[in-house]
Amino acid sequence: MTIHRWAGIAVVALLGFRLLWGIWGGTYSRFRHYWTTPKQVISHFRGNLEPQPHTPPGIALAICMMIAIGVQSVAGLFTTDDVFIEGPFVRHVPDEVVEVASDLHHQVWWVVISLVAIHLVAHAIYGGILRSSIPLSMFTGRKPVTAEPTEYSLVRALFTFGIAIAGFYVILQYLR
């Protein structure tokens, strides 16, 4: 459970980094590029859309994953098994909140696993069956689309990383 706790707190810090990076990060990591509609998702599957930096189903899945992982990890901070383990903030909230958080932490796990499975199956289909470069583009950052070059800033990245590490440290202080 010690590894579980550290991993959970690290996920909270990573989510904090991603949320901040979605505000002031590189061009295509900003949340303004994470907007889609059901019509665009359907058009993508029909092949009616021009290639884009992010596909509409990819955007929808990324948003769902961030929400589910956020709920999962934040709920864990307020979770207890009433025997051995309790999250770092359990002592700061009423028992009713702890009960709801514990239920959420256990139930949302299945949503996270389902979304990860959908993500992996989609990449297997795109890369293995359709021979698309989409899965590889997640690692290389290169994709055959017409788009403006991305702006990036090492200083902003390090600053954002520092904020995430500081958040991680603050949560660890509650464990003592």
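User: What makes you say H4 bends at valine 108?

Analyst: This is a predicted model, and in it H4 bends by about 25° at valine 108. That angle is taken between axes fitted to the seven residues ending there and the seven starting there.

User: How do you know what the span of helix H4 should be, and what does the model give?

Analyst: H4 covers residues 95-129, 35 residues in total, so at 1.5 Å a residue it should span 51 Å. Its end C-alpha atoms sit 50 Å apart, which agrees.

User: Which residues of H4 are buried, and what covers them?

Analyst: Among them are Val98, His105, Val108 and Tyr126. The cover includes helix H1 (2-24), helix H2 (38-46), helix H3 (56-76) and helix H5 (134-140).

User: What makes phenylalanine 17 and tryptophan 21 a stacked pair?

Analyst: Their rings are 5.7 Å apart, centre to centre, and pairing needs centres within 6.5 Å.

User: Why is tryptophan 21 called buried, and what is phenylalanine 17 called?

Analyst: Buried means under 20% relative accessible area. Tryptophan 21 has 14%, so it counts as buried. Phenylalanine 17 has 23%, so it's partly exposed.

User: Why is the pair of phenylalanine 78 and phenylalanine 89 called tilted?

Analyst: The angle between their planes is 45°. Stacked needs under 30 degrees and edge-to-face over 60, so this pair falls in the rest, tilted.

User: Is phenylalanine 89 buried or exposed?

Analyst: Buried: its relative accessibility is 15%, and the cut-off is under 20%.

Technical notes. Residues numbered from 1 in each chain as written. Predicted model: local features only at pLDDT ≥ 70, side-chain atom pairs only at ≥ 80, totals over all residues. Heavy atoms only, no water. Helix = DSSP H or I, 4+ residues; strand = E, 2+ residues; numbered from the N terminus. Expected span 1.5 Å × (residues − 1). Buried < 20%, exposed > 50% of the residue type's maximum accessible area, 1.4 Å probe, protein only. Contact = heavy atoms within 4.5 Å. Phe/Tyr/Trp six-rings, centres within 6.5 Å; stacked < 30°, edge-to-face > 60°.
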